[in-house]
Amino acid sequence: MAKTVIIGGVAGGASTAARLRRLDEKAEIVVFERGSHVSYANCGLPYYAGGVIQERERLFLMTPQKFRDILDVDVRVDSEVIAIDPAAKTVTVRNAGREYVESFDSLVLSPGAEPMRPPIPGIDDPRILTVRSVPDIDRVKDVLDTARPERAVVIGAGFIGLEMAENLWERGISVTVVEALDQVMNVVDFEMAAPVHHHMRDKGVGLYLKDGVKAFVRDESGLRVELGSGTSIPTDLVILSIGVKPDTRLARDAGIELDARGYIVVDEFLRTDKQGIYAVGDAIVAISPLTGKPMPVPLAGPANKQARLVANTIAIGPTKPWKGAIATAVAKIFDLTVACTGLSEKLCVREGIPFRSVIVHPGSHAGYYPGAQSYALKLLWNPVDGKLLGAQAVGRDGVDKRIDAVAAHLGMGGTIHDLAEFEHAYAPPYASAKDGTNYAAFCAENIQEGMTDSVTWNQVEAWKARGALLLDARTPGEFELGHMDGAMNISNTEIRNRLAEVPRDRPVLLYCGVGLRGYLSERILRQEGFTDIGNLSGGWKTWQAATSPQTNPGSFRPAQKRPHAAMHDDTVSEGSGVPENLPAPVGPTLNVDTCGLQCPGPIIQLKKAMDEVAPGTRVVVKASDAGFSRDAQAWCNITKNRLVSVTEEKGTWTATFEKSRPQVPSATMTNSVPGLHVSGDEATIIVFSNDLDRALASFVIANGALATGKKVTMFFTFWGLSVVRKREKVKVRKDFMGRMFDMMLPGNAGALNLSQMNFGGVGAWLMKKRMAAFQVDRLEEMMAAAIQAGVQMTACQMSMELMGVAREELMEGVETGGVASYLEAAGTSGINLFV
């Protein structure tokens with residue numbers, strides 16, 4: 001009768017024992033586990049800490065007694081194997097202070113991994129805990145239940161770290177996450193992690209990126225986390241989740257081959273280099289089917305499958321090899337789901353694997369069926385043969401099944417063409433007729449066929465450096481709500497009639513909300529003879545998420561006690577500041593459901609509804625587009641309607657607006673925009689002139705207004721653009737008319753002339769001399785003081801295009817904007833001047 005000894009339980013060891021028994025009723029099977037639990041759900045540990053899993057017993061899948069009763073397997077817990085003798089085929093075991101030797105015919109190693117605890121000063125503080133095993137989570141749970149901490153810092157933003165952050169937050173604890181890398185969840189690419197960064201901000205979770213821990217300090221005020229940047233974070237609890245290392249000391253001492261990182265090396269049948277000894281799980285390294293190189297894949301799914309194959313080999317023989325893992329993973333991060341499979345872009349770059357990628361933003365099901373949620377899907381493939389390399393997705397619904405679909409094709413060596421033809425189960429509540437996976441593959445085929453040149457978010461600056469025109473293919477309304485600096489706006493529905501406005505002597509980079517309208521415009525331009533042209537993959541949505549600030553240090557705040565997760569009714573979004581008991585509407589209410597519509601759909605429907613109702617009416621808009629919650633406030637700022645509240649529940653935003661009543665126009669100059677609310681603590685100045693004396697007057701007034709505590713906005717348009725041009729000459733490509741205007745415009749503020757008595761520049765020189773004599777600051781000094789003091793300086797985008805002034809020619813601190821930017825500022829100003 002053959003005897004198999006298994007070291008370690010949980011996924012790898014316990015599954016090996018169970019499968020082996022089903023194959024061989026006569027085999028003697030002994031499992032040694034140094035802890036007290038042989039088979040438990042370690043992936044569920046964070047949810048037990050957060051109270052989502054309330055009963056501790058539910059973590060335990062099998063007990064030693066169940067193993068004996070059901071499978072006749074001898075499980076010995078609290079028994080640590082301290083030595084392996086491969087030649088003698090024995091192991092030495094320590095239990096309750098005594099040691100003994102156990103023989104084996106076959107030995108399976110399933111030691112797993114252990115948390116890393118680097119030698120950081122103060123790391124042995126009792127309030128610095130890890131989460132890897134049941135004893136670990138018992139310690140965490142004890143601190144949470146007895147000490148009731150109000151502040152916690154999670155070090156490390158991998159899967160476990162972020163799951164712990166979420167579950168601590170669910171208990172009403174203020175949480176800050178610290179990550180040494182520039183993103184969370186390093187298994188996905190930066191732009192796919194960016195939505196998680198912003199979601200953490202929305203939830204009020206602090207986030208420090210590219211910042212490591214220098215020391216943990218305990219003093220009379222309590223525990224503090226000192227970061228390399230100099231930041232000091234007070235806390236009551238620290239969760240250390242900075243990674244794991246393979247627990248392979250036993251294998252090393254037994255002379256079993258390890259790689260340079262300490263992982264056990266196995267062949268395709270999971271055999272080590274020692275006869276009769278196998279290894280599975282987190283501690284092994286095997287050949288990746290995607291890179292052809294040894295790679296560890298510390299995931300429960302592969303460990304269970306490896307266990308099945310090892311049991312087959314022991315009982316039957318080496319008939320079925322391990323083909324390797326493609327690293328498919330998923331995690332719930334607050335309301336988001338993040339999933340990935342195969343290779344990331346950064347891994348392709350590191351391994352020198354040729355790749356192309358595309359990002360799409362499809363809906364979780366048909367847009368016309370209520371409740372559709374958009375998600376981001378990134379697809380990678382080899383441009384040589386079209387074979388799939390990997391995929392990543394992030395969103396609120398439908399993410400897991402899309403990654404599973406790609407993983408199935410990827411694991412079978414499928415191509416983008418196979419994925420394009422993938423036949424999925426379709427009905428409006430579950431999917432669209434063209435699923436998001438099909439759609440991503442269609443886009444990939446278009447790139448392969450040369451129908452489009454897809455540009456990634458981090459290639460935009462290179463296009464700008466080549467002098468590319470940024471062409472925004474969205475609607476003017478969307479453009480006003482936010483756009484890339486220097487971009488021209490021609491919507492995809494107008495491009496055919498405005499071809500003359502698109503220069504043929506410079507590159508053109510198109511973008512829209514998510515990529516589709518940019519592609520439609522690109523196809524028109526290409527067929528009209530434009531060649532140096534590209535379309536931004538993922539559109540404005542991806543670019544904005546990736547280029548806006550990622551860190552969120554300001555959200556660390558006193559705890560806001562939340563109900564238990566099982567009873568949680570998240571009706572008010574974090575940080576919205578909206579009271580739960582809203583005032584009753586003063587007029588009728590109109591409900592508008594825009595769920596399933598992508599930007600700008602919700603805003604368009606909102607405007608249509610507001611145009612139809614009377615003042616005082618409330619319009620309640622439901623939307624599934626995450627950007628709507630931000631656009632709602634911007635839209636109200638522009639239109640001067642009132643945003644009553646924004647709430648969120650399970651990925652659906654509900655925004656309540658109230659149509660404002662017309663204001664009585666002012667007969668004075670204190671407000672040049674009738675019907676808008678006027679505030680006495682704001683001032684707006686339009687600088688239209690390029691005369692030195694008028695520019696001086698505008699900045700004298702601006703700095704004087706600042707001194708009285710007013711908020712000042714200066715809007716530079718047409719000839720006034722000369723005032724905010726850089727002193728140094730900037731090389732930019734311009735069309736003929738742009739060069740003509742450039743010759744007529746003063747080069748910068750120092751080259752301005754007087755409006756009267758200029759005398760070929762002598763008057764301006766005399767004025768500057770007289771200013772110096774009377775100790776009046778030069779114009780440049782006034783401008784610098786204004787910027788430093790916080791004056792909002794905006795250059796008119798439309799005027800820049802007409803006058804041939806490029807964004808690169810503007811001084812630092814000067815933004816670009818359209819008429820909506822001016823109207824928003826002017827509408828709340830007590831002073832509105834035209835100079």
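Colleague: Before I go further into this predicted model, does Lys-3 count as buried or exposed, and at what relative accessibility?

Modeller: The general idea is that a residue counts as buried when its relative accessible area is under 20%. Lys-3 has a relative accessibility of 10%, so it counts as buried.

Colleague: With which residue does Lys-3 form a salt bridge, and how far apart are the closest N and O atoms?

Modeller: The partner of Lys-3 is Glu-102, and the closest N and O atoms of the two are 2.5 Å apart.

Colleague: How many salt bridges does the structure hold, and what are the relative accessibilities of Asp-145 and Arg-171?

Modeller: The structure holds 39 salt bridges. Asp-145 counts as partly exposed at 32% relative accessibility, and Arg-171 is partly exposed with a relative accessible area of 23%. The side chains of Asp-145 and Arg-171 meet in a salt bridge, at 2.8 Å from N to O. Asp-145 lies in helix H4 (residues 134-147) and Arg-171 in the loop between helix H5 (159-170) and strand S13 (174-179), so this pair ties together parts that are 26 residues apart in sequence.

Colleague: What is the N to O distance in the salt bridge of Arg-498 and Glu-501?

Modeller: For Arg-498 and Glu-501, whose side chains meet in a salt bridge, the N to O distance is 2.9 Å. Arg-498 is partly exposed, with a relative accessible area of 24%, and Glu-501 counts as partly exposed at 40%. Salt bridges can also share partners, and in this way Lys-3, Arg-68, Asp-74, Arg-76 and Glu-102 are joined into one network.

Colleague: Which residue is 30 residues away from Tyr-208 along the chain, and by what distance are their C-alpha atoms separated?

Modeller: That residue is Val-178, and the C-alpha atoms of Tyr-208 and Val-178 are separated by 4.8 Å. Tyr-208 lies in strand S14 (residues 206-209) and counts as buried at 15% relative accessibility. When neighbours within four places in sequence are left aside, the contacts of Tyr-208 include Thr-176, Val-177, Val-178, Glu-179 and Pro-553.

Colleague: Which loop holds Lys-210, and what is the phi of this residue?

Modeller: Lys-210 has its place in the loop between S14 and strand S15 (213-219), and its phi is positive, about 55°, although the residue is not a glycine. Lys-210 is exposed, with a relative accessible area of 65%. Asp-72, also not a glycine, has a positive phi of about 55° too. Asp-72 is placed in the loop between helix H3 (64-71) and strand S5 (74-76), and it is partly exposed, with a relative accessible area of 46%.

Colleague: Which residues make the nonpolar surface patch of about 410 Å²?

Modeller: Phe-688, Trp-719, Met-744 and Phe-834 make that patch, and Met-744 is found in helix H20 (residues 736-744).

Colleague: How many helices and strands does the protein have, and what share of its residues count as buried?

Modeller: The secondary structure comes to 24 helices and 42 strands, and 54% of the 835 residues count as buried. Among contacts with a separation of 6 or more, 68% are between residues 24 or more positions apart.

Colleague: What is the mean pLDDT of the protein, and over which residues is the pLDDT below 50?

Modeller: The mean pLDDT is 86, and 87% of the residues reach 70 or more. Over residues 561-581 the pLDDT is below 50, although this stretch has 44 contacts in the model beyond near neighbours in sequence. Residues 664-678 also have a pLDDT below 50, with 28 such contacts. Where pLDDT is low, the predicted coordinates should not be read in detail.

Key:
Residues numbered from 1 in each chain as written. Predicted model: local features only at pLDDT ≥ 70, side-chain atom pairs only at ≥ 80, totals over all residues. Heavy atoms only, no water. Patch = residues over 30% accessible without salt bridge, like charges linked within 9 Å, V, L, I, M, F, W, Y side chains within 5 Å. Areas by Shrake-Rupley, 256 points an atom, 1.4 Å probe, with all protein chains shown as cover. Salt bridge = Lys/Arg side-chain N within 4 Å of Asp/Glu carboxyl O. Helix = DSSP H or I, 4+ residues; strand = E, 2+ residues; numbered from the N terminus. pLDDT = per-residue confidence, 0-100. Contact = heavy atoms within 4.5 Å. Buried < 20%, exposed > 50% of the residue type's maximum accessible area, 1.4 Å probe, protein only.
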